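This report looks at helix packing and at local backbone geometry. The sequence and the structure come first, and the reading follows.

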Amino acid sequence: MDAAEREHRRATYAYALAFVDALAAHGVERVCVSPGSRSTPLCLAVGAIERASAGALRASVHLDERSAGFFALGAAKATGRPVALVCTSGTAAANYLPAVVEAHHAGVPLVVLTADRPPELRDRGAGQTIDQVGLYGSHVRWFHEVAVPGPGGPPPRHARTLAARAVAEATRRPRGPVHVNWPLREPLEPERSPLDARELLAAGASGAGPRTGRGAQAESDGGPRGDIAATRAAVALSARASAAAPASIELLARLAAECARGVLALGPSDDDVAREAAALAAASGWPLLAEPTSGARARVEGGTSVAHADLFLRDAGFARAHAPDVVVRIGRSPTSKPQRRWLEAAPPRALVLVDPDRAWNDASALATHWLDDEPGALCAAAAARLARDALPPRAADGFAADFARADAACARAIDDVLASAPQLGSPGVVRAIADALPDDAWLFASNSMAVRDVDAYWPLERAPRRVLACRGASGIDGVTSAALGAAAASGRRVCLLTGDLAFLHDVGGLVAAADLALDATIVVVNDDGGAIFSYLPIAAHAEHVDFDRWFRTRHGRDLAHACALAGARHARVDSAAALRERLAASFGERGVSVVEVAVDAAANLAQHRAIEAAALRALAAERFALGAGAGA
């Protein structure tokens, strides 16, 4: 090895190590790596910093980049902290796109690091070379191409600045993915092995990069830090607003004090926001429509929280009699289509959209006010203002009480239909999971039917539960990997409710679970294909559009084989009692347990229709303060 080659290797690795070290200093706790040649310096740098950080940075290896992307997304959703991804060049980088798109729309912080060929090898037919500049288009918050590391290239302090900015861009409002493209020249191997992170970092420690927010206490010697945990916490705190504007507080407090016919609608939220939103609901006297992923579908002391609005808002009479004057909506658009149609049919005089990400989630174009305040702080301040001014909830006309009675009526209707159902369908699966899931376990709901069933049938619980879903772009790809990423990052038992197509779409995710020794329970509702289309208008044209071929898409696959491939337990159940028994056993087992519920698609559709009809009958039997009668 001549001197020039030695210098090239040292400079490349000093730069890569400084970058990864700074990622850890500024809040990145986890890196998901997929094997490849061009990414060798990045991979080995991650491994070296992992060893030197005494557990502050953890790395996992994933064979499939698509699954890796969703695993990282699930981990970032679970913790709220940015997760980094590392892959080689070419189509490996392209396979991150679905997860990047979901992260963009859901506001999930990812730092995507893609290795690339250097400029002289591009557009010349070099193997594994595609155009990676701006590969993810408008789906990232920020893109940067690294200057090629090496002698005469950028110094390590530049890498630290770059890493700090990447984390800052991913975590500031609106949060989301960033893309850093890394052209790397051969030779790609280090000067010697094992890689000595401390020595190379010390050699390039002429600067430690910028200070960001309250994390300015990070050491400046460039070496592995003893206070890395403190720095991570400080950066996380500085990434979110801590106060709400006085005008925003005044608006919410005034609306709550003056209007009894108000509704608080809560979308996907973290625990702090859910808690403060529930407090505001109690202080205002308004009913809280709690999206399953809001973390607030629980009984509110002194207030009204409802679980089954998706059902009772299908009653035209109830919906018309209970059209709200004011709606305060926090976060992204709701899953429930009946809720959206309810507001479109009689637009409220004021719809306040609390949108700190400035995502403008207003597909119905009903918003009259947009507030970019931090939601938890705003709700807490507005509730405190109501308490300070001794402004009692104006619920005397029975508006909130009617919501509570409608919710209870629908809950009874669900129980009555399921008690006499001859077969187990997806509504019964949702209720069985709700009964069996330990209080400290998390639920992850897949897209398509799973999240809609959870929205309609998941009951109010004693205490709030964390429920996650990929509702940014709402695809069925990568759901298993995202749930497993949440399990890995949270350290909690995660129960995934998914469908057979989504499960088959991400069989590769199970392999990662085995390699990482993760514990999770996966409940697969297997109706043999895309039965959700039977609920859509196209089903009425089945005879004329070759419905089974183009939409129903039966697959006939035995899911047990996929489980055996990945070393996951598999059990097939056909009753609610058997499901509860198997779930209870799985929560005490190590590894991944897959519980398959074979469902007849036609009978399942009939059960959904029966519950809706029973709910409408139950509502017709109630005497609401503001009007009654199904469809009245």
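A residue counts as exposed when its relative accessible area is over 50%, and as buried when that area is under 20%. The model described here is a predicted one. With a relative accessibility of 63%, Ala365 is therefore exposed. This alanine sits in the loop between strand 11 (350–354) and strand 12 (369–371), and its phi is positive, near 55°, although the residue is not a glycine. Gln128 also has a positive phi, of about 55°, without being a glycine; its place is the loop that runs between strand 4 (110–116) and strand 5 (142–145). Because its relative accessible area is 44%, Gln128 is classed as partly exposed. As background, most residues other than glycine have a negative phi, and most peptide bonds are trans.

The bond that joins Arg173 and Pro174 is cis, with omega about -10°, and Pro174 belongs to the loop between helix 6 (156–171) and strand 6 (177–183). The bond from Glu186 to Pro187 is likewise cis, with an omega near 0°, and Pro187 lies in the loop that connects strand 6 and helix 7 (197–203).

Ser248 gives a view of a buried position. This serine is part of helix 9 (residues 246–258), and its relative accessibility of 6% is why it counts as buried. Leaving aside residues up to four places away in sequence, Ser248 touches Leu371, Asp373 and Leu378.

Helix 24 (residues 576–586) shows how burial can be arranged along a helix, with Leu579, Arg582, Leu583 and Ser586 as buried residues. Viewed down the axis of helix 24, these buried residues fall within an arc of 105°, so they line one face of the helix. Ala577 and Glu581, on the other side of helix 24, are exposed. The cover over the buried residues of helix 24 includes helix 16 (426–436), strand 16 (520–526), strand 17 (569–573) and strand 18 (592–598).

Two packed helices are described by the angle between their axes and the distance between the axes. The table sets out these values for two helix pairs.

| Helix pair | Axes come within | Crossing angle |
|---|---|---|
| Helix 16 and helix 24 | 9 Å | roughly 40° |
| Helix 15 (residues 399–420) and helix 25 (residues 601–621) | 8 Å | roughly 135° |

Helix 16 and helix 24 are therefore oblique to each other, and their crossing is right-handed. Helix 16 contributes Val429, Ala432, Ile433, Asp435 and Ala436 to the contact, while helix 24 contributes Leu579, Arg580 and Leu583. By class, the residues of the contact of helix 16 with helix 24 comprise six nonpolar, no polar and two charged.

Helix 15 and helix 25 are therefore oblique to each other as well, and the crossing of helix 15 and helix 25 is right-handed. On the helix 15 side, Ala406, Ala409, Cys410, Ala413, Ile414, Val417 and Leu418 take part, and they meet Gln607, Ala610, Ile611, Ala614, Ala615, Ala618 and Leu619 of helix 25. The contact of helix 15 with helix 25 has 13 nonpolar residues, one polar residue and no charged residues.

How values were computed: Residues numbered from 1 in each chain as written. Predicted model: local features only at pLDDT ≥ 70, side-chain atom pairs only at ≥ 80, totals over all residues. Heavy atoms only, no water. Buried < 20%, exposed > 50% of the residue type's maximum accessible area, 1.4 Å probe, protein only. Helix = DSSP H or I, 4+ residues; strand = E, 2+ residues; numbered from the N terminus. Arc of directions from axis to C-beta. Contact = heavy atoms within 4.5 Å. Axes fitted to C-alpha atoms, helices over the stretch in contact; angles between N-to-C directions. Parallel < 35°, antiparallel > 145°, perpendicular 65-115°, else oblique. Left-handed = near helix turned anticlockwise from the far one by under 90°. Nonpolar A, V, L, I, M, F, W, Y, C, P; charged D, E, K, R; others polar.
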